[in-house]
Amino acid sequence: MLTNQTEKKDSIVKRGWWLGLLFILFLIAPSILSEFYLSILCEALVMSLLALSFNLLFGYMGQLSFGQAAFYGLSGYTVAMLVTKVHFNFWLSLVAGVLMAGVIGLVVGYFCVRLRGIYFAVLTLAFGQLLFVIIYKWHNFTGGDDGIQGVFPPDFLKSPTAYYYFILLVFTASAYVLWRIIQSPFGQTLKSMRENSERTEFLGINIARYQLIAFVIAAGFAGLAGAIWVPFYRSVAPFYLMWIKSGEPVMAAILGGPPIFLGPVLGMFIMTFFHAWVLGFTIYWPVVMGALILVIIFFLPGGILGFAHEKLKERKEKLNLTKGQP
Amino acid sequence: MFLQTQQITKEFGKLRAVNNVSLEIVKGDIHAIIGPNGAGKSTYFNLVTGYHRATSGKVIFKGKEITHLPAYSRCNLGITRSFQITSIYPKLTVYESVLQGLLCHRKVTLNFFSSAKKFFKEEVCRILEDVGLADQANTLGDSISHGDKKRLELAITLGTEPELLCLDEPTCGMSPEETDVAMSLIKKFSEERGLTILFTEHDMSVVFGIAKRISVLHQGTLIADGTPQEVRASEEVQKVYLGGSA
């Protein structure tokens, strides 16, 4: 028993050291990076939160939502309108943004969770585009394709460094909460629904109800990402809700590895930084991105972290086998 | 009255797969439903467990009509089933799979913050020991043998602590040795846990070896219902099903 506990402690320490190192790197990032790359880092963190929210549905529940950006954008618009039009309290505006995403997530999810697979994906895409068109066309209320400018955070968050730390805090806390959800009995149930929804239903689970809860949670976190991004960027535009934006977390998850918790985060970091870097050479960024995705799908099925995880597991099994031999 | 079906009928278009079947399953019994291919055994099973809804007739469980209840509600009332084609979790470990049954039954699946692995350790281990899968607890569901998958499915269903366990061809695809092990397990659970077991089976030696009561379906209609001796003696059964050899 004592050995078990020591082993467990060891594995936590071993697993935890690189996360600690990573966190320290993030803490000192503002003193290392230029302002340009710091803003890219902010974008990567916010988009990673969107990707994590998407992956709760994709990687863990097994349903592809192609409308995740709608909640991101809707929340961004809620914050932008409350802050610029009615000069509402900044923090309460953020809360309102998340609530808006959650409530609309509940309505959209109510219809989507009745479907599975490609039909679920297409319906989320349709709802996402519907919300995009409403924002885009309702010029009097939303500003249409002009978007909304002048969304400022409180004075103490106006410097990029201060806002970066705010984003880092929100990202870390959200990632922790999502991690706990995935490890919880609810998360375990999502995984079992992904693996075999029929079996799970015949264990007494109302599949649609659990999918709806997960959908609302994912919409809420997507909303949180949108809510904290808009005041950093000082503006919001309709394309935040567009299907192309919804495609980004999909690609990030495939790139990094949907079955691994931090897979979509790695994918989003690669995409965001690669995007910033490639734009310095060519405007044909989508071609480069397309090629990257092709390489990953053909040579690293399961994504970068998924592939690495498989290889590590194989190595460990081989080592165990060798140890076991006389 | 434990489980009762009253004149239950299921039609698929013009095909009447189950025709006016009235049957009673007594608490604590091991009850077999037999019949040739296409007799309506699986459909009857699906009507009891909620996989299909009856076209007409009633299903009553512990005095409550459940004819129109969805499958998950029936499970929550105490009816759990296994499938003819083994239905397990391919990418969950054997341990996690059994744990899922317990999480569902004990209503903790809406806990969002505790670690799932901290729950019901003893219960999962006991079930795994009971079905003989303890040494494969950390193996993925799709990496174990066919016979073990069948046992795993049984273990998952036991996690829901059912009152009525419905097993659709529990020995389908098993070797004779595996069949013997599986049937003695089922008998053991029925005796130790007081489980009522309703099962369909095509292997007659299995049926007559374990069932306390047998119902025979033929072309969707119930043609005999009674003890193994009574069924064996039924002329009609011999004519349509056993070919006079029983």
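Two strands are taken as paired if DSSP finds at least two bridges between them. Helices (H or I, at least four residues) and strands (E, at least two) are DSSP runs, numbered from the N terminus. By these criteria, strand 3 (residues 30–34) of chain B and strand 9 (residues 213–218) of chain B pair in the parallel sense over 4 bridges. The bridge partner of Ile34(B) in strand 9 of chain B is Val216(B).

The structure is a predicted model, in which local features need pLDDT of at least 70, side-chain atom pairs count only at pLDDT 80 or more, and totals for chains, interfaces and linings use all residues. Residues are numbered from 1 along each chain as its sequence is written, while chains are lettered from A and ligands numbered from 1 in the order in which they are written. The pLDDT is the predictor's confidence in each residue, from 0 to 100. Chain B averages a pLDDT of 91, and 98% of the residues score at least 70. Within chain B, confidence is highest in helix 3, at 96, and lowest in helix 9 (residues 235–242), at a mean of 77. The model scores ipTM 0.92 and pTM 0.91.

Chain B is divided into domain 1 (1–78 + 165–246) and domain 2 (88–161); these bounds come from an automatic or database domain assignment. The C-alpha centres of domain 1 and domain 2 of chain B lie 26 Å apart. Two residues are in contact if their C-beta atoms, placed from the backbone, lie within 7 Å. The contact takes 10 residues from domain 1 of chain B and 9 residues from domain 2 of chain B. On the side of domain 1 of chain B that touches domain 2 of chain B, helix 6 (residues 176–193) of chain B gives the most, with 4 residues. By class, that side of domain 1 of chain B has 7 nonpolar, 2 polar and 1 charged residues. Here Ala, Val, Leu, Ile, Met, Phe, Trp, Tyr, Cys and Pro count as nonpolar, Asp, Glu, Lys and Arg as charged, and the others, Gly among them, as polar.

Parallel pairing also involves strand 3 of chain B and strand 8 (residues 196–200) of chain B. These two strands are joined by 4 bridges. His31(B) stands opposite Leu198(B) in strand 8 of chain B. A residue is buried if 20 or more other C-beta atoms lie within 10 Å of its own, exposed if 12 or fewer, and partly exposed in between, with C-beta atoms placed from the backbone. Strand 3 of chain B is mostly covered, with 5 of its 5 residues buried. Ile30(B), Ala32(B) and Ile34(B) point one way from strand 3 of chain B, and His31(B) and Ile33(B) the other way.

Strand 7 (residues 164–168) of chain B has 5 of its 5 residues buried, so it is largely enclosed by the rest of the structure. Leu164(B), Cys166(B) and Asp168(B) point one way from strand 7 of chain B, and Leu165(B) and Leu167(B) the other way. Strand 7 of chain B pairs with strand 6 of chain B in the parallel sense over 4 bridges. Ile79(B) has Leu164(B) as its bridge partner in strand 7 of chain B. Strand 7 of chain B also pairs with strand 8 of chain B, in the parallel sense over 5 bridges. Leu167(B) has Phe199(B) as its bridge partner in strand 8 of chain B. The chain crosses from strand 7 through helix 6 to strand 8 of chain B, and this β-α-β crossover is right-handed. That is, with the strands pointing away from the viewer, the path from the first strand over the helix to the second runs clockwise.

Glu201(B) lies in the loop between strand 8 and helix 7 (204–210) of chain B. With 24 C-beta neighbours inside 10 Å, Glu201(B) counts as buried. Glu201(B) and Ala32(B) are 169 residues apart in sequence and 7.2 Å apart in space, C-alpha to C-alpha. Leaving aside neighbours within four places in sequence, Glu201(B) is in contact with Ala32(B), Ile34(B), Glu169(B), Thr171(B), Val206(B) and Val207(B).

An open sheet of 4 strands in chain B has the order 2-1-4-5, with antiparallel pairing. Strand 2 (15–25) and strand 5 (64–65) of chain B stand at the edges, each with a single partner strand, so one side of each is left without a neighbour in the sheet.
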